[in-house]
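This briefing goes through one protein model by topic: its sheets, its helix packing and its cores. Please keep the sequence and the structure in view while reading.

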Amino acid sequence: MLARQCTTIDMDTRPTRPDILHAIGGTTMVPLRRVLPAKGGTILLKVESENPTGSMKDRMALAMIEAAEADGRLPAGGRVVEYTGGSTGVSLALVCAVKGHALDIVTSDAFSKEKLDHMAILGARLHVIPSQGGGMTEKLTRDMIAAAGVIAQETGAYWTDQMKNRDQLSAYQALADEIWSQAGGRLDAFVQSVGTAASLLGIARGLRGHDARIRMVAVEPAESAVLSGGPAGAHRIDGIGAGFVVPLWEAGLADAIERVSTEEATAMALRLGREEGLFAGTSTGANVVAALRTAEQLGPHATVVSVMCDTGMKYLKTLGAALAPTPSP
C-alpha cells in the first residue's frame with residue numbers, strides 16, 4: 001500500500017504573467033508508479049498537458065509564429081494557415097488569438113471533434129476534409145497539405161507548414177534542456193512518437209548535446225509503419241503516422257523504432273488514467289508502450305524518459321467509446 005503524500009501549494013508564489021503565452025513551458029516531470037517495466041527500471045513522463053491548451057504543441061506554435069513575425073514573413077495582423085490533426089491547430093489558434101492574427105486551419109473528420117471544436121472556439125476558421133472511414137491515411141495527409149497550399153496562395157497567408165518548418169526546433173531543444181535538468185542528467189533513453197518528426201529531432205539534438213550516449217527511440221503506428229519499412233495504412237492514433245516518410249525525418253535520428261498499434265495505444269491511455277491518474281491521449285499511450293519495451297531491453301537500472309503529449313480531454317469521446325462495459329450488479 002503506497003503511503004499518501006499531501007503537498008501544499010503556496011499559490012502566492014505563482015507569478016503574474018503578461019499573457020497566457022508566457023505560461024507555455026516549464027512543465028512537470030513525474031515517475032510512473034504503477035505502470036512499470038517487469039524487469040525494473042524507471043519511466044519518467046514529461047507532463048506537457050500543463051501547457052495552456054493542454055498540449056506540447058503550444059511550444060512549437062509559439063516558436064513558429066514568433067520567428068515569422070521577427071523576420072517579416074508574418075506582418076502585424078497578418079493571416080496564418082496550417083494543416084493539422086488538431087493539437088498544432090489548437091496551439092496555433094491560441095497563439096494567433098493572443099497576437100491578433102486570423103487563422104485558417106485545414107483538418108479532417110478523422111480527428112477528435114473536441115480538437116476541432118477547441119480550434120473554432122479560439123477563433124480559427126476550419127476547412128474540414130472528409131476521411132475514408134474515419135482513419136488517418138497518406139492520401140488524407142497529402143490532401144490536407146495541398147488544401148493548405150491553395151489557401152496560402154489565394155489569400156497571401158503565412159503558411160507555417162509544420163512538416164517542413166525548422167523554426168520549431170528551438171522550442172524542442174529548450175524542452176530537451178528541461179528534461180535534462182529535471183532528470184538530473186541521468187537518463188538512458190528518450191522515447192517519442194513521430195508526427196512531423198520535429199519534436200524527436202529537436203529533443204534528440206538537445207539531449208545528445210548533453211550526452212551523446214542517450215538512446216533515441218521513435219514510435220510509429222503499427223498499422224502504418226513506414227519509418228521502419230512497412231506499408232502505409234489507416235490508423236487512429238491522432239497526431240502521428242503521416243503515412244509517408246516526413247521531410248524532417250533524418251537518417252540516424254533514432255537508434256530504434258517501435259511499432260505500436262492503435263489498440264495498444266488506446267489501452268495504455270486508459271491504463272494511465274486508472275493506475276496513474278494521468279489523463280492522456282493515444283499518442284501518449286503509444287509513447288508509454290514503447291518506453292516500457294525500451295526499459296525492458298535496457299535492464300533494471302535504466303531510466304527512460306517520454307512525453308505526455310497532451311491531455312485526454314481532447315479525446316473524451318474516442319477514449320470513452322473504448323471503455324469496456326461495466327458489469328451489472
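In what order do the six strands of the open sheet lie? The order is E1-E2-E10-E7-E8-E9, and the pairing is mixed. The model is a predicted one.

**The six-strand sheet**

- Strand E1 (29-31) and strand E9 (256-260) are the edges of this sheet, each pairing on one side only.
- On average, neighbouring strands here are turned by 25° against each other, direction ignored.
- Strand E8 (residues 215-221) runs parallel to E9, and five bridges join the two.
- Within that pair, Val217 stands opposite Ala256 in E9.
- Helix H5 (residues 169-182) packs on the sheet, where its contacts are with E1, strand E2 (42-47), strand E7 (189-193) and strand E10 (303-308).
- The direction of H5 makes about 135° with that of E2.

**H5 against H6**

- Helix H6 (residues 198-210) and H5 have axes that come within 7 Å and cross at roughly 50°.
- The arrangement of H5 relative to H6 is therefore oblique.
- The crossing of these two helices, H5 and H6, is right-handed.
- On the H5 side, the residues that meet H6 are Leu169, Tyr172, Gln173, Leu175, Ala176, Asp177, Ile179 and Trp180.
- On the H6 side, the residues that meet H5 are Ala198, Ser199, Leu201, Gly202, Ile203, Arg205, Gly206, Leu207 and His210.

**Ser199**

- Ser199 is a residue of helix H6, and it is among those that meet H5.
- Is Ser199 buried or exposed? Its relative accessible area is 9%, so Ser199 counts as buried, the cut-off for buried being under 20%.
- Neighbours within four places in sequence aside, Ser199 has contacts with Met56, Tyr172, Gln192 and Ser193.
- Of these contacts, Tyr172 is also one of the H5 residues that meet H6.

- Five bridges link strand E4 (residues 102-108) with E5 in the parallel sense.
- Val106 stands opposite His127 in E5.

**H2 against H3**

- Helix H2 (residues 87-99) packs with helix H3 (residues 113-121) at an angle of about 15°, their axes being 8 Å apart.
- H2 is therefore roughly parallel to H3.
- The crossing of H2 and H3 is left-handed.
- From H2, Ser87, Gly89, Val90 and Ala93 meet Lys115, His118 and Met119 in H3.

**Nonpolar cores**

- Which residues have the most contacts inside the largest nonpolar core? They are Leu103, Ile179, Phe190, Ile203, Leu207 and Trp249, in a core of 70 residues.
- Among these, Ile179 in H5 and Ile203 and Leu207 in H6 also take part where the two helices meet.
- Trp249 touches Val194, Ala197, Leu200, Ala218, Leu227, Ala254 and Ile257, with residues up to four places away in sequence not counted.
- A second, separate core has 27 residues, including Leu272, Ala280, Ala286 and Leu292.

Note on methods
Residues numbered from 1 in each chain as written. Predicted model: local features only at pLDDT ≥ 70, side-chain atom pairs only at ≥ 80, totals over all residues. Heavy atoms only, no water. Core = buried A, V, L, I, M, F, W, Y, C linked by side-chain atoms within 4.5 Å. Buried < 20%, exposed > 50% of the residue type's maximum accessible area, 1.4 Å probe, protein only. Contact = heavy atoms within 4.5 Å. Pairing = 2+ DSSP bridges. Helix = DSSP H or I, 4+ residues; strand = E, 2+ residues; numbered from the N terminus. Axes fitted to C-alpha atoms, helices over the stretch in contact; angles between N-to-C directions. Parallel < 35°, antiparallel > 145°, perpendicular 65-115°, else oblique. Left-handed = near helix turned anticlockwise from the far one by under 90°.
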